[in-house]
Amino acid sequence: MTALSGHRILLCVTGGIAAYKAADLVRRLRDAGAEVRVAMTENAQHFVGATTFQALSGQPVRTSLWDEQAEAAMGHIELARWASAVVVAPATANTIARLAHGFADDLVTTLCLATEAPIAVAPAMNRVMWANAATQANVATLRDRGVLIIGPDAGDQACGEIGEGRMVEPMAIVRALSGAAA
Ligand SMILES: Cc1cc2nc3c(=O)[nH]c(=O)nc-3n(C[C@H](O)[C@H](O)[C@H](O)COP(=O)(O)O)c2cc1C
């Protein structure tokens, strides 16, 4: 028996440089006993390919709302219902803003709006984007709404700066989810 056994985790990957860490996160979640399915934004696919997530999760990956085969049976609603938890990691400033305002104009935001499962968000962005009053207000809105905000960490950033905004390490996300599930 492992910390997340029996859990069905929908991992939503958005378009930040930390998307490469989401590949490791899939492995760590599965090692913890969870079943994992992955949905990606269009922008996330500039950073990591769907094939990587398909291989690591052992499941088909959704990359668009407009998948005729999957949507013949309202696949996005089925996926939103399937999840026992939703994790957005990495979560860009853009997706955080759109979640805070209830947008549903792509697959990831639609899934988040259509699920009754708890949602966790792991922000990842440049320190100035993170410190921006708009981002801070959006994060506060999500937190007030019961969304679990995991991180971010401080340290070296991919842009060469040092500060707060790095995505927390995958194992820290697994631990936060295990704690929330306990
Ligand atoms: C090389 C590169 C790295 C980026 N890294 C980040 C990032 O770490 N965090 C972030 O919030 N946005 C980052 N962006 C900007 C996002 O990709 C952009 O805001 C995009 O619209 C996000 O789309 P999504 O939220 O739908 O995935 C980056 C852009 C580029 C070109």
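1. At what angle do H1 and helix H2 (residues 50-57) pack, and how far apart are their axes? H1 and H2 pack at an angle of about 10°, and their axes lie 9 Å apart. This makes H1 roughly parallel to H2. Angles under 35 degrees count as roughly parallel, over 145 as roughly antiparallel, 65 to 115 as roughly perpendicular and the rest as oblique. Ala-23, Val-26 and Arg-27 of H1 make the contact with Thr-52, Phe-53, Leu-56 and Ser-57 of H2. By class, this contact of H1 with H2 has four nonpolar, two polar and one charged residues.

2. The model is predicted: local features need pLDDT of at least 70, side-chain atom pairs count only at pLDDT 80 or more, and totals for chains, interfaces and linings use all residues. Residues are numbered from 1 along each chain as its sequence is written. Helices (H or I, at least four residues) and strands (E, at least two) are DSSP runs, numbered from the N terminus. Axes are lines fitted to C-alpha atoms, for helices over the stretch in contact, and angles run from 0 to 180 degrees between N-to-C directions. Two residues are in contact if their C-beta atoms, placed from the backbone, lie within 7 Å. Ala, Val, Leu, Ile, Met, Phe, Trp, Tyr, Cys and Pro count as nonpolar, Asp, Glu, Lys and Arg as charged, and the others, Gly among them, as polar.

3. H1 also packs against another helix. The axes of helix H1 (residues 19-31) and helix H9 (residues 170-181) come within 9 Å and cross at roughly 45°; the two helices are therefore oblique to each other. Their crossing is right-handed, a term used if the near helix is turned clockwise from the far one by less than a right angle (left-handed if anticlockwise). On the H1 side, Lys-21, Asp-24, Leu-25, Arg-28 and Leu-29 meet Pro-170, Met-171, Ile-173 and Val-174 of H9. The contact of H1 with H9 has six nonpolar, no polar and three charged residues.

4. For helix H4 (residues 75-82) and helix H6 (residues 107-114), the axes come within 9 Å and cross at roughly 55°. His-76, Ile-77, Leu-79 and Ala-80 of H4 meet Leu-107, Thr-110, Leu-111 and Ala-114 of H6. Six residues of this contact are nonpolar, two are polar and none is charged.

5. Five of them form an open sheet with parallel pairing, in the order E2-E1-E3-E4-E5. Strand E2 (35-40) and strand E5 (148-149) are at the edges, each with a single partner strand, so one side of each has no neighbour in the sheet. Strands pair if DSSP finds at least two bridges between them. Two bridges join strand E4 (residues 119-123) to E5, and Val-121 stands opposite Ile-149 in E5.

6. Strand E6 (residues 153-156) and strand E7 (residues 162-166) pair in the antiparallel sense over four bridges. They form a hairpin with five residues between them, and Gly-160 in the turn has a positive phi of about 95°. Gly-155 stands opposite Gly-163 in E7.

7. Around the ligand there are 15 residues, of which Gly-15, Gly-16, Thr-41, Asn-43 and Thr-92 come nearest. A residue is counted as near if its C-beta atom, placed from the backbone, lies within 6 Å. Helix H5 (residues 93-100) supplies the largest share of this shell, three residues. By class, the shell has seven nonpolar, eight polar and no charged residues.
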